[in-house]
Amino acid sequence: MAGSGGSGCVSFFRDTFVARGPPNGGNGGSGGSVWFEVDENETSLNCVKQQLKARPGANGQGKSMHGSGGKDLVVKVPKGTMVREILRDQQVLGSDETGAGFLGTL
């Protein structure tokens, strides 16, 4: 799962000689992405966690300072790995070890 973006900042410019300054809050940084990279030395998926999440972006600050972007997560997988996304409320049609089919919800 990609990292969430940082929150923006609500801030207004304040100065002695400026009665009502303009807004100067910064935007939040974008979240990191998840990348899958083929590694010829990997032979199994044992080292891969079940839930992957990239780093979130930093929050914005005053003085028009934007938050930094989140760090990407690179997952090394063996050659031939198929990657797919299954949503939590999505129904899955599959079979168990005996070959009997089932319909379930993740």
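Visitor: What does pLDDT stand for in a model, and which element of the chain has the highest mean pLDDT?
Guide: pLDDT is the predictor's confidence in each residue, from 0 to 100. This is a predicted model, in which local features need pLDDT of at least 70 and side-chain atom pairs count only at pLDDT 80 or more, while totals for chains, interfaces and linings use all residues. Residues are numbered from 1 along each chain as its sequence is written, and side-chain values use heavy atoms, with hydrogens and water left out. Among the elements, strand 4 (residues 101-105) has the lowest mean, 48, and the highest, 85, belongs to strand 2.

Visitor: In what order do the elements of the chain run from the N terminus?
Guide: Helices (H or I, at least four residues) and strands (E, at least two) are DSSP runs, numbered from the N terminus. The chain holds zero helices and four strands. The order is therefore written with strands throughout, as β-β-β-β.

Visitor: Which residue forms a salt bridge with Lys76?
Guide: A salt bridge is a side-chain nitrogen of Lys or Arg within 4 Å of a carboxyl oxygen of Asp or Glu, and the count by this rule comes to one. The pair links distant parts of the chain, 39 residues apart, from strand 2 (residues 73-77) to strand 1 (residues 34-38). The closest N and O atoms lie 3.1 Å apart, and the partner of Lys76 is Glu37.

Visitor: Is Lys76 exposed, partly exposed or buried?
Guide: Buried means under 20% relative accessible area, exposed over 50%, and partly exposed in between (1.4 Å probe, protein chains only). Glu37 has a relative accessible area of 38% and counts as partly exposed. Lys76 has 40%, so the term for Lys76 is partly exposed.

Visitor: Is Asn24 buried or exposed?
Guide: Asn24 stands in the segment before strand 1. Beyond four places in sequence, Asn24 touches Ser11, Phe12, Phe13, Gln61, Gly62, Lys63 and Ser64. Because its relative accessible area is 12%, Asn24 is buried.

Visitor: What percentage of the residues in the chain is buried?
Guide: Asn24 is a buried residue. Across the 106 residues of the chain, the buried ones make up 17%.

Notes
Contact = heavy atoms within 4.5 Å.
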